[in-house]
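Please look over the sequence and the structure below, and then read the briefing that follows, which is grouped by topic for a reader who has not seen them before.

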Amino acid sequence: MTPRALSRLLRLLRVPLTASLLVGLMAGAYSPPAAAAGRAPAAGGSTPAARPPAAQAAGGPVTPDGLAATPPMGWNDWYAFHCDVNAQLVEQTARAMVSTGMKAAGYQYVNIDDCWLAHSRDASGNLQADPAKFPGGIKAVADYVHSLGLKLGIYEDVGTATCAGYPGSFGHYQQDADTFASWGVDFVKADWCNVPFGDFPGMTEQQVAEKLYTEYSQALRAAGRPMVFSVCEWNPSLRPWTWAPAIANMWRTNNDYGDTWGQVLGNLDQETPLAAYAGPGHWNDPDILQVGLGGMTTAEDRAQFSMWAMLAAPLLAGNDLRSMSAATRAILTNRAVIAIDQDPLGAQATRLSHTPGADVWVKPLANGDRAVMLLNRGDTPLDIATTARAAGLPPAGAYAVRDLWAHTTRESAGRIAASVPPESAMLYRVSPLRAGAGRYAPLTDVSVSPSVPPAYPGSQFRIAQPGQSITVPATFRNDGRAAVTHAALSLTAPGGWDARGAPATAAAVPAGGQLTGTWQVTVPPGTASGSYPLTGTATYRWNGGQAATGSGGGSIDVLVPPTGTPYLDQLAWLSAVNGYGPVLIGRNYYGGPLTIHGVVYPHGLWTNSVATIYYYLGGNCSRFTADLGLDGSDAGRGTVDYQIYADGTKVYDSGVVTNSTPTVHADVSVSGAQILELYVGDAGDGISYDNADFGSPQLSCGIPSPRGA
Ligand code: GLA
């Protein structure tokens with residue numbers, strides 16, 4: 001299979017393409033647990049960060065080569081094109097970088113990734129481009145890119161072959177560096193595949209990485225042409241941030257990732273303990289942007305761009321610049337956000353607060369301002385707040401709060417808060433206001449918090465049923481430094497819904513004050529499953545008469561309980577977390593059917609421990625049955641433990657299941673339960689080969705009866 005066909009397949013399977021995965025699969029030797037070793041730690045990062053040498057901390061001196069004083073900006077072909085790279089694509093992309101305004105916004109590097117090479121070196125051992133893909137060679141492409149005022153990047157590998165199997169640089173570092181310099185290359189990404197560890201007996205992988213990348217760096221410097229050095233050592237357990245700042249301009253902080261919100265958050269979280277390692281000339285690299293690749297919503301793409309800017313990350317667009325939408329272009333060329341990334345202080349943001357749903361990140365800026373990001377990680381609207389003082393700003397009577405996506409400025413007495421839509425981020429530039437606060441409308445915040453009870457006491461899920469009546473408080477807060485007058489707060493429910501309650505009103509809402517109203521909202525009988533928005537809208541006057549409005553949202557998740565005897569793969573889960581890759585429906589990780597001891601299950605789930613999957617039963621089901629066992633693709637080596645919970649109470653435990661355990665049949669009562677939880681543990685021996693199936697997982701349910709007011 002070609003790498004492109006392979007990566008398409010993996011995309012369909014929603015499996016992240018990693019270097020080791022790509023190489024292993026091409027060699028027919030891959031097993032998920034091997035790559036799982038390189039996965040990001042959980043939110044917050046579990047690896048304690050050693051202190052970086054003082055000279056490398058944020059604000060320290062630029063590296064001696066003077067390159068990358070701010071994070072490099074450009075484009076890389078890998079995620080959009082994989083091995084389909086050629087001179088035409090690179091030249092068209094360079095033209096697009098100019099015509100779309102990206103060059104004017106600061107993008108410079110047009111970077112060729114893997115697969116540009118011929119399969120062998122020439123008679124003198126020199127690298128050569130694939131003659132079909134680059135008929136004029138790389139120098140001609142570099143000349144063209146330079147003629148547009150842009151720079152050219154190239155890709156190699158410190159091992160014997162690139163990740164896609166083309167000649168690697170091992171044994172040729174100086175020769176290849178000289179070749180790149182002679183071609184006019186400006187940026188070199190050096191990958192981490194096919195490293196001959198056997199040549200370095202007694203050395204750890206980390207020591208080998210440090211040695212080889214240091215030699216590569218020295219070769220590039222000796223080649224006599226300024227070339228940004230990008231270390232693509234993608235295994236975070238080798239902690240490149242501890243050794244790369246002295247030898248490279250950027251280093252990867254994570255394995256390859258995919259075009260999903262969860263994976264973008266994973267890369268962000270991986271950077272949490274690493275802020276002190278970044279600074280002018282040397283940057284943490286959470287990888288190429290996924291913006292515009294199509295897997296995320298516009299709000300998610302915008303949020304990723306905000307996150308990368310806060311991280312002072314290299315901004316390498318990964319999409320097809322020749323055909324991007326206006327929305328994608330607007331994201332990639334938002335100069336106010338780019339200015340946060342490119343701020344000359346070069347400080348990486350730190351996380352001020354974190355809950356499973358909401359993050360607040362803060363980045364100090366060269367002129368004393370602070371960039372503040374309010375990030376809603378979850379799938380319901382959230383009110384997220386911090387203060388200017390908590391963000392590190394000095395005391396002031398008022399602060400200017402510039403919204404870098406809406407391009408509006410409000411004035412705040414100190415609180416910085418917003419109702420943040422699901423899976424999105426607000427990004428502000430905040431500065432103390434010495435005078436003239438009266439010019440700006442006050443920063444206000446409307447929050448809507450439907451009080452749907454938890455599915456059972458302590459449950460994380462709050463789900464409404466058709467017919468249910470729900471109390472909905474909403475609050476308007478004035479965070480400005482003066483009172484607002486003529487305030488009214490109203491609530492809008494979806495069309496056809498009954499929302500009882502009059503608008504809340506107040507002649508004046510003082511600075512720091514609030515206005516609260518309560519409504520009684522009924523989900524109409526017959527409402528289909530879905531997430532339904534509720535919007536609070538406040539109208540008021542400020543500065544003695546100017547009219548303004550503010551709004552904020554909440555939502556009610558409605559689910560209709562299952563009926564009849566559905567298989568779980570026919571229902572939508574509430575959430576599913578797998579040890580490696582996503583939980584898969586009706587097939588195993590390799591695309592084959594679910595198979596336990598030779599029996600094929602057309603219905604079922606593939607998991608990899610530790611996995612947790614939740615389903616909504618709504619009290620309408622009585623039994624759950626399933627065949628449990630390791631999938632035939634586990635190479636006979638997995639060890640797991642299946643547990644089943646009804647409303648948080650364990651109703652089943654399989655004990656340890658290995659490949660020699662006959663198929664286990666679970667048959668449990670779930671009578672009256674709201675939530676079914678399936679859990680696959682690693683049975684205490686790690687997650688290697690733990691590819692565990694639920695064969696024919698089936699519920700017995702009744703006819704739903706509306707719960708109601
Ligand atoms: C590795 C790198 C990717 C890309 C591919 C090319 O997976 O991490 O960024 O360069 O190799 O094969």
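By class, the shell around the ligand consists of eight nonpolar, no polar and six charged residues, where Ala, Val, Leu, Ile, Met, Phe, Trp, Tyr, Cys and Pro count as nonpolar, Asp, Glu, Lys and Arg as charged, and the others, Gly among them, as polar. This is a predicted model, in which local features need pLDDT of at least 70 and side-chain atom pairs count only at pLDDT 80 or more, while totals for chains, interfaces and linings use all residues. Residues are numbered from 1 along each chain as its sequence is written, and side-chain values use heavy atoms, with hydrogens and water left out.

**Around the ligand**

- Of the 14 residues around the ligand, Asp113, Asp114, Lys189, Asp191 and Asp256 come nearest, a residue being near if one of its heavy atoms lies within 4 Å of the molecule or strand.
- Helix α2 (19-26) and strand β4 (187-191) each supply at least two residues of this shell; helices (H or I, at least four residues) and strands (E, at least two) are DSSP runs, numbered from the N terminus.
- A polar side-chain atom of Asp114 lies 2.7 Å from an oxygen atom of the ligand, and an N or O atom in the side chain of Asp191 is 2.7 Å from an oxygen atom of the ligand.
- For Arg252, an N or O atom in the side chain is 3.2 Å from an oxygen atom of the ligand.
- Taken alone the ligand exposes 300 Å², of which the protein buries 99%, with accessible areas from the Shrake-Rupley method and a 1.4 Å probe.

**Disulfides**

- The count comes to three disulfides, a disulfide being a pair of cysteine sulfur atoms within 2.5 Å.
- Cys83 and Cys115 form one of them, with their sulfur atoms 1.8 Å apart; Cys83 lies in the loop between α4 (78-81) and α5 (87-99) and Cys115 in the loop between β2 (109-111) and α7 (137-147), so the pair ties together parts that are 32 residues apart in sequence.
- Another disulfide joins Cys163 to Cys193, S to S 2.0 Å, and this link is right-handed, with 95 degrees about the S-S bond.
- A disulfide also joins Cys621 to Cys701, S to S 2.1 Å; Cys621 lies in strand β31 (residues 621-630) and Cys701 in strand β36 (residues 691-701), so the pair ties together parts that are 80 residues apart in sequence.

Technical notes: A polar contact is a pair of N or O atoms within 3.5 Å; within protein, one must be able to donate a hydrogen and the other to accept it, and residues adjacent in sequence count only if both atoms are side-chain atoms.
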